Amino acid sequence: MSRISKADRQLQLQQEERGEHLYANRVRVYPKSVHGPVRRFKWAVLIFCLSLYYVLPWLRWHRGVTEPDQAVLLDVFHERFYFFNLKLWPQDIYYLTGLLIMAAVGLFLVSSLAGRVWCGYTCPQTVWTDLFMWVERLIEGDRNERMKRDAGPFSLDAAWRKLAKHAIWLGIAFWTGGAWIMYYVDAPTVTVEFWHGTASIEVYVFTGLFTATTYLLAGWAREQVCTYMCPWPRFQAAMLDEQSLTVTYQGWRGEPRLRGRRHDGDSGGDCIDCGACVTACPTGIDIRDGIQLECINCGLCIDACNHVMEVAHRPKWLITWDTLADQAAKARGEHTKFRFFRVRTIIYLSALVLAVVVMGVALATRSELGLSVLHDRAPLFVRLADGDLRNGYTLKIANKSDKQTLFELNVDGMPGAVLTETDEGLGPAVRLGLPVNADTVGTFRIMVAGQPAKLKGGSQAVDFVLSNTTTGERTVYHSVFMGPAGNE
Amino acid sequence: MPTKIEKDAHTGRDTTGHEWDGLKELNNPLPKWWLYILLATIVWAVGYCVLYPSVPYGTGYYHGLLGYSQRKTVDADVAAVAAQRAGSMDKIRQISFADIRKDPQLLAVAETAGRITFANNCQPCHGAGGGGRPGYPALAAGDWMWGGTLEAIQQTVTHGIRSGDPDARNSAMPRFGVDNMLKPEEIQSVADYVMTLFGKPEPGKDVTAGRKLFTDNCAVCHGDAGQGNREVGAPRLAAHIHLHANTRDDVVAQVTNPHMGVMPNWDQRLDPATIKAVTLYVHSLGGGE
């Protein structure tokens with residue numbers, strides 16, 4: 001991180017103005033600590049998010065002896081994903097699609113209503129940066145103290161503070177990286193293995209990787225991530241309109257800003273140009289410039305300004321959550337009501353409701369039985385000595401239940417069809433009983449022989465009907481039976 | 001080239017001079033750390049070029065300090081797979097078919113090895129999946145000339161048919177037409193009779209003479225009812241599928257001057273374990289007995 005003096009910054013701006021600089025030095029942000037309702041709410045969200053992240057892998061959930069007892073476990077090695085009493089297979093990947101659609105539309109809806117609150121409160125980049133800043137403040141003091149020490153000469157006092165800060169940052173980063181791994185392997189087991197040096201190389205590599213990214217992104221990169229790396233600030237403008245609640249400086253009330261105490265008959269507005277909102281900002285911007293790319297809508301400037309307004313005996317909430325439309329109305333001395341229902345929010349809300357309903361129904365009616373049928377590619381059909389035609393198929397039966405199950409298979413659409421399973425030597429019979437072990441996919445080679453009566457262009461439709469002999473659950477797979485073309 | 005560089009009133013910065021549907025872009029400077037990352041990737045690339053194969057020259061190339069080669073990696077992988085396979089294939093060679101089938105994992109190995117071997121060696125004649133074609137028997141249909149048990153298939157694959165191997169399966173059909181054993185009109189009437197054996201008689205045709213000729217000349221090998229004889233590899237004629245197609249003309253041609261196919265003795269090219277594997281695969285195609 002580069003540090004530059006005020007004079008350097010001035011020079012840089014002048015050079016930029018003359019178009020002489022292709023590259024900009026980073027202007028270091030020293031956010032000042034603030035107190036107030038917004039900050040308290042932000043702490044609460046931070047504590048909730050971090051607790052959720054660190055504690056969730058340790059929650060236990062009993063599922064029987066053969067299953068892992070971790071409540072949330074993405075067991076990529078065994079290709080099973082556990083969420084409390086829900087267990088998903090890789091074949092259920094469309095639930096993830098649904099979840100991503102809901103997350104995206106949810107983000108659109110929230111943004112169109114209340115701006116970038118995701119960015120300001122719940123984005124991991126914000127949460128961990130906030131945590132790291134808290135540590136920094138604890139060890140190195142608040143804004144002025146930090147700036148003074150950083151600008152001053154090297155001292156032992158500065159050195160140990162820096163050392164302690166980075167050590168604690170690395171500690172938190174390591175804890176974060178370690179907790180990430182616990183979502184993929186059993187938490188207590190991997191913790192013991194980790195310290196005994198017996199965990200897999202992947203565990204160490206990924207812990208190291210996420211330790212490094214957490215430390216670099218939350219400790220060093222901070223607002224640079226939001227401004228230069230993240231795509232969300234770039235397209236958030238499309239979600240916002242003049243009816244969205246955003247952190248807003250009430251220019252109509254604040255301007256013209258004048259330094260110092262207000263007296264009756266002053267021409268100045270409420271803003272005393274103290275700069276508290278700027279020094280409090282974690283991305284280093286001036287909210288009075290209006291809504292801008294770098295603003296993450298965290299509202300810490302609101303707390304900072306409220307405090308100053310109180311001291312200056314002016315009404316609070318000079319910076320507040322408001323809509324652009326309301327600000328324009330207030331400037332005219334009117335007032336508008338916040339409109340929750342607008343075309344854009346209705347569209348986002350309907351899309352969200354639709355996604356929730358579709359995924360909810362899909363989840364509620366989720367089958368524990370999966371069937372796929374693959375017709376042999378060669379030979380397409382075999383003529384038998386008795387004149388019958390025979391087709392070969394590969395059946396994959398997914399038994400997602402936790403019990404060994406006997407399935408019964410028959411073929412619809414071709415009367416007299418006889419089935420044989422060649423691997424196990426089952427049949428020939430009109431109905432075949434196919435056993436599949438719990439939580440596995442059974443593969444069967446099925447031969448269907450008979451006289452297809454409805455061949456057209458060399459094929460006719462047949463249905464493979466599979467039913468669970470215990471629960472009676474049925475599933476049907478539409479396939480084809482093939483024969484010589486032009487023989488119909 | 002940008003032509004309309006303007007000064008933005010709010011920020012005092014220049015625009016890039018480009019315009020997209022009325023949108024203009026400020027010409028902001030790139031953060032310096034971004035430049036440093038670019039420089040770091042260049043340093044990385046230089047290091048990579050020193051350590052790994054990089055610069056081609058004429059007929060060769062610079063091998064890099066680490067001496068890395070993808071060919072070496074592949075060789076090592078192939079050797080590892082061969083070593084892994086050796087155990088299974090040894091076991092397949094040693095134990096009986098019945099014991100292989102009792103071990104699902106070993107059976108899966110055998111059928112996979114058999115499938116690959118079949119595709120590389122057998123498929124050109126017998127067709128993918130053993131579907132067969134005129135002159136080359138279908139292996140999936142369950143109509144065998146020499147037997148369809150695992151042992152019979154293993155014997156056929158190992159020693160071949162008319163291959164010159166002392167244990168090869170040998171048989172010959174007399175050239176009834178070419179060698180004047182039957183007159184052409186007699187061959188015609190035998191053909192009429194053979195067509196009745198699998199349900200394709202010519203309506204109103206009297207096949208008494210044909211039946212008599214068949215009993216005298218053909219039944220000794222093909223059986224009274226055309227049921228075939230595996231001892232001598234005589235095909236079953238009373239079936240809907242035939243080695244040399246199903247039309248009456250095909251029958252006449254075969255009686256007049258029979259085709260007699262040759263299958264190589266595969267023990268010349270395949271080791272015993274692979275032959276057992278391909279036997280299991282052929283047996284699994286749907287015709288196994």
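1. The crossing of helix 7 of chain B and helix 10 of chain B is right-handed in this predicted model. Helix 7 comprises residues 184-197 of chain B and helix 10 comprises residues 248-256. Their axes lie 9 Å apart, and the packing angle is about 130°. Helix 7 of chain B and helix 10 of chain B are therefore oblique to each other.

2. The residues that form this helix contact can be listed from each side. Helix 7 of chain B contributes B:Ile187, B:Gln188, B:Val190, B:Ala191, B:Val194 and B:Met195. From helix 10 of chain B come B:Arg248, B:Val251, B:Val252, B:Val255 and B:Thr256. Sorted by class, the contact of helix 7 with helix 10 of chain B holds 8 nonpolar, 2 polar and 1 charged residues.

3. Helix 2 (residues 70-94) and helix 4 (residues 104-121) of chain B pack with their axes 10 Å apart, at an angle of about 95°. That angle makes helix 2 of chain B roughly perpendicular to helix 4 of chain B. In the contact, B:Ser88, B:Lys91 and B:Ile92 of helix 2 meet B:Leu106, B:Val109 and B:Ala110 of helix 4. The residues of this contact divide into 4 nonpolar, 1 polar and 1 charged.

4. The domain arrangement of chain B deserves a separate remark. Domain 1 of chain B is made of two segments, 72-167 and 263-287, while domain 2 covers 184-256. The C-alpha centres of domain 1 and domain 2 of chain B are 33 Å apart. Their contact draws 10 residues from domain 1 of chain B and 9 residues from domain 2 of chain B. On the side of domain 1 that touches domain 2 of chain B, the residues are 7 nonpolar, 2 polar and 1 charged.

5. Turning to the interface between the chains, the contact takes 27 residues from chain A and 24 residues from chain B. Several elements of chain A each supply at least two residues of the side that touches chain B: helix 1 (6-17), strand 1 (23-24), helix 10 (223-229), strand 8 (382-383), strand 9 (389-399) and strand 14 (440-450). By class, the residues on this side of chain A are 10 nonpolar, 8 polar and 9 charged.

6. Strand pairing also links the two chains. Strand 1 of chain A and strand 3 (residues 30-31) of chain B pair in the parallel sense, over 2 bridges. Within strand 3 of chain B, B:Pro31 is the residue opposite A:Ala24.

7. Chain A contains an open sheet of 3 strands in the order 2-3-4, with antiparallel pairing. Strand 2 (72-75) and strand 4 (86-88) of chain A are the edge strands, each pairing on one side only. From one strand to the next, the twist averages 15°. Strand 2 and strand 3 (residues 80-83) of chain A pair over 4 bridges in the antiparallel sense. A:Leu73 has A:Tyr82, in strand 3 of chain A, as its bridge partner.

8. Strand 14 of chain A takes part in two further pairings. With strand 9 of chain A, strand 14 pairs in the antiparallel sense over 11 bridges, and A:Asn399 has A:Thr440 of strand 14 as its bridge partner. With strand 11 (residues 418-421) of chain A, strand 14 pairs in the antiparallel sense over 4 bridges. Here A:Leu419 stands opposite A:Val448 of strand 14 of chain A. Strand 9 and strand 14 are also among the elements that supply at least two residues of the side of chain A that touches chain B.

9. Most residues other than glycine have a negative phi, and most peptide bonds are trans. The peptide bond from A:Glu255 to A:Pro256 is cis, with omega near -10°; A:Pro256 is in the loop between helix 12 (251-254) and helix 13 (276-280) of chain A. The bond from A:Ala378 to A:Pro379 is likewise cis, with omega near -10°. A:Pro379 sits in the loop between strand 7 (369-375) and strand 8 of chain A.

10. A:Trp317 is not a glycine, yet has a positive phi of about 65°. A:Trp317 belongs to the loop between helix 14 (300-311) and strand 6 (319-322) of chain A.

How values were computed: Residues numbered from 1 in each chain as written. Chains lettered and ligands numbered in written order. Predicted model: local features only at pLDDT ≥ 70, side-chain atom pairs only at ≥ 80, totals over all residues. Domains from an automatic or database assignment. Contact = placed C-beta atoms within 7 Å. Nonpolar A, V, L, I, M, F, W, Y, C, P; charged D, E, K, R; others polar. Pairing = 2+ DSSP bridges. Axes fitted to C-alpha atoms, helices over the stretch in contact; angles between N-to-C directions. Parallel < 35°, antiparallel > 145°, perpendicular 65-115°, else oblique. Left-handed = near helix turned anticlockwise from the far one by under 90°.
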